[in-house]
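This report describes a single protein chain for a reader who has its sequence and coordinates at hand. The fold is taken up before the local features.

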Amino acid sequence: MQLLKALWALAGAAICCFLIFVIHSQFLKEGHLAAGTCEIVTLDRDSSQPRRTIARQTARCACKKGQIAGTTRARPACVDARIIKTKQWCEMLPCLEGEGCDLLINKSGWTCTQPGGRIKTTTVGHSSVLYFFNFLFTLV
C-alpha cells in the first residue's frame with residue numbers, strides 16, 4: 001500500500017514538472033524577448049573616412065505599454081514613449097556615464113561629449129513603426 005502511494009505521488013510530481021516545462025516553453029519560445037528588454041540584431045561599422053566611424057545598429061525590443069525602443073547608456077532599451085514623441089533625446093540618458101548630452105539644434109538626434117573632447121553624434125531616422133539610431137562618431 002505504501003509503495004502504491006509513493007508511486008502515485010511520484011507520478012503526480014512528474015506530471016507537474018512536465019506541465020511547468022510545457023507552459024514555460026510556450027511563454028519563452030526561442031526568439032521571444034521578455035517584456036521590457038531589447039537585443040541587438042545587426043551592427044555595421046564603416047571606418048572608411050579618416051577620423052570618423054559610422055555605425056548603424058538595429059535592435060529588436062519587446063517594450064511594455066507606454067514604452068518604445070530607444071537607447072540608454074549607449075545600449076538599446078525600452079524608454080518612455082513621450083521622450084521619442086517630443087524628441088527630448090537626452091531624457092532617455094543615451095550617453096555613457098561621465099559624458100555630457102546635448103540635443104542637436106533641429107532635434108534630429110543628440111551628441112555625447114566625453115571629458116577628453118571626443119564627440120559622438122547620433123541621428124535618428126524613423127519609419128512608420130520603428131526608430132533607427134545611426135551612430136556617427138566624430139573625433140575632435
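The model is predicted. Arg-73 counts as partly exposed because its relative accessibility is 33%, a value between the 20% limit for buried and the 50% limit for exposed residues. The residue lies in the loop that runs between β3 (67-72) and β4 (75-80). Its phi is positive, at about 55 degrees, although Arg-73 is not a glycine.

Ala-74 is also found in the loop between β3 and β4. Phi of Ala-74 is near 65 degrees, again a positive value in a residue other than glycine. With a relative accessible area of 34%, Ala-74 is partly exposed. For context, most residues other than glycine have a negative phi.

## Overall architecture

The protein chain contains two helices and eight strands. Along the sequence these elements follow the pattern α-β-β-β-β-α-β-β-β-β.

## Surface and contacts

Of the 140 residues in the protein chain, 21% are buried. The accessible surface of the protein chain comes to about 9,800 Å², and carbon and sulfur atoms account for 62% of that surface.

Contacts in the protein chain were also examined by sequence separation. Among those between residues at least 6 apart in sequence, 24% join residues at least 24 apart.

## The aromatic pair

How many aromatic pairs does the structure hold? There is one aromatic pair in the structure. It is formed by Trp-89 and Trp-110, with 5.9 Å from centre to centre and 40 degrees between the planes. The pair is classed as tilted because its angle of 40 degrees falls between the 30-degree limit for stacked and the 60-degree limit for edge-to-face arrangements.

The pair links distant parts of the chain, its two residues being 21 residues apart. Trp-89 belongs to the loop between α2 (81-86) and β5 (100-103), whereas Trp-110 is in strand β6 (residues 109-113).

Are the two partners, Trp-89 and Trp-110, buried or exposed? Trp-89 has a relative accessibility of 2% and therefore counts as buried. Trp-110, at 1% relative accessibility, likewise counts as buried. Both values lie under the 20% cut-off for a buried residue.

How values were computed:
Residues numbered from 1 in each chain as written. Predicted model: local features only at pLDDT ≥ 70, side-chain atom pairs only at ≥ 80, totals over all residues. Heavy atoms only, no water. Helix = DSSP H or I, 4+ residues; strand = E, 2+ residues; numbered from the N terminus. Buried < 20%, exposed > 50% of the residue type's maximum accessible area, 1.4 Å probe, protein only. Contact = heavy atoms within 4.5 Å. Areas by Shrake-Rupley, 256 points an atom, 1.4 Å probe, with all protein chains shown as cover. Phe/Tyr/Trp six-rings, centres within 6.5 Å; stacked < 30°, edge-to-face > 60°.
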